Amino acid sequence: MNQQKIALLTDSCADIPQALLHRYDIHVVPLKLIFSDGEYADGVDITPTEVYRRLPTEIPKTTLPDGASVERAFARIREAGYTKVLAINFSSGLSGTYNLVRLIGEQTPGLEVAAFDTLSGSLGTGMTVLQAARWIEEGWTWEELLRALPPLMQDTTVFFCVDTLEYLQKGGRIGRITAVAGTLLQIKPIISFTEEGELVNTAKMRGRKAAMQKMVQLAAACVPRGIRFNLAVAHGDSPAELKEIRSLAQQSLPDYQNCMEGEIDCTLGAYVGPHLLGIGVQMMENALKAAGKEK
């Protein structure tokens with residue numbers, strides 16, 4: 001029961017499936033994509049498939065949500081009877097969305113807004129929003145949630161591989177990734193996030209299968225035996241391979257509490273190009289301790 005009237009706000013980079021957005025009444029502000037023929041709201045009037053189809057001829061510019069759409073989101077939340085908002089957003093190391101939402105939240109009358117920078121990608125953001133939603137449903141207090149979210153985000157790790165670094169380089173989102181020579185050798189970079197929320201290489205594998213197996217190994221190595229954790233997998237334009245990495249992940253990490261499956265949104269699709277695969281793990285012990293909920 002959400003007796004404290006706590007709402008959840010995130011952005012379109014969280015890649016939370018529509019059914020879960022509806023179930024938990026999660027509010028989403030879309031980032032924008034600008035093509036030569038106009039501006040599109042991520043997931044509202046353009047789909048990831050359409051973005052991938054257009055990438056070979058045009059790479060769009062991406063921009064933050066406009067301030068008016070963030071203001072409207074807060075207004076809808078207030079009109080729905082909520083009094084508090086957890087705003088959980090994509091890494092400030094890659095986007096200014098968190099700062100925009102935080103600043104507008106601070107100026108919104110009638111709402112107490114706590115903004116969180118996940119310093120993570122879509123899977124890390126989506127997993128955190130959904131775990132907060134479960135805790136709200138369980139009746140956690142506002143203070144318990146505020147104590148639990150920082151360690152939860154800190155104990156969330158994601159890995160993903162892309163077919164090529166071409167789009168990250170062209171989009172200026174290369175972070176600390178070193179260029180990978182060897183397109184002809186099918187070298188696939190495995191990428192994660194630094195503590196500052198920037199992208200960084202963690203491994204290079206030859207071929208997609210090897211990259212999938214390596215990502216699962218890296219994720220499994222993050223999870224100490226016997227602790228509670230969430231699992232997530234995601235794809236961009238590769239639904240068949242999503243089933244494959246999900247199967248590998250569930251075999252290696254069978255004791256997960258919840259498993260989220262995401263499809264990469266339009267904005268991230270424009271950054272990374274088609275055929276992304278990702279995996280994320282989120283340990284809950286430190287968050288539960290911080291909230292005084294450990295069993």
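Which residues are buried in H9? In this predicted model, they are Glu241, Leu242, Ile245 and Ala249. These residues lie on the same side of H9, because they cover an arc of only 110° around the axis. The face turned away from that buried side carries Ala240, Lys243 and Gln251, which are exposed. Helix H9 itself runs over residues 239-252, 14 residues in total, and reaches 20 Å from its first C-alpha to its last, close to the 20 Å expected at 1.5 Å a residue. The cover over its buried residues includes helix H8 (208-221) and the strands S11 (229-236), S12 (259-263) and S13 (276-283).

The next topic is the nonpolar interior. In soluble globular proteins, nonpolar side chains tend to be buried together. Here the largest nonpolar core has 60 residues, and the members that touch the most others are Leu8, Ile26, Leu86, Trp135 and Phe160. Helix H5 (residues 122-137) supplies the largest share of this core, eight residues. Apart from this core lies another, of 22 residues, with Ile190, Val216, Phe229 and Leu277 among them.

Beyond residues up to four places away in sequence, Phe160 touches Pro189, Ile190, Ile191, Phe193, Leu199, Met215, Val272, Leu276, Leu277 and Gly278.

Phe116 belongs to strand S7 (residues 112-117). Its relative accessible area is 10%, so Phe116 counts as buried, the cut-off being under 20%. With neighbours within four places in sequence left aside, Phe116 is in contact with Leu86, Ala87, Ile88, Asn89, Tyr98, Leu146, Leu149, Pro150 and Met153. Phe116 and Met153 are 37 residues apart in sequence, and their C-alpha atoms are 9.0 Å apart in space.

Key:
Residues numbered from 1 in each chain as written. Predicted model: local features only at pLDDT ≥ 70, side-chain atom pairs only at ≥ 80, totals over all residues. Heavy atoms only, no water. Helix = DSSP H or I, 4+ residues; strand = E, 2+ residues; numbered from the N terminus. Expected span 1.5 Å × (residues − 1). Buried < 20%, exposed > 50% of the residue type's maximum accessible area, 1.4 Å probe, protein only. Arc of directions from axis to C-beta. Contact = heavy atoms within 4.5 Å. Core = buried A, V, L, I, M, F, W, Y, C linked by side-chain atoms within 4.5 Å.
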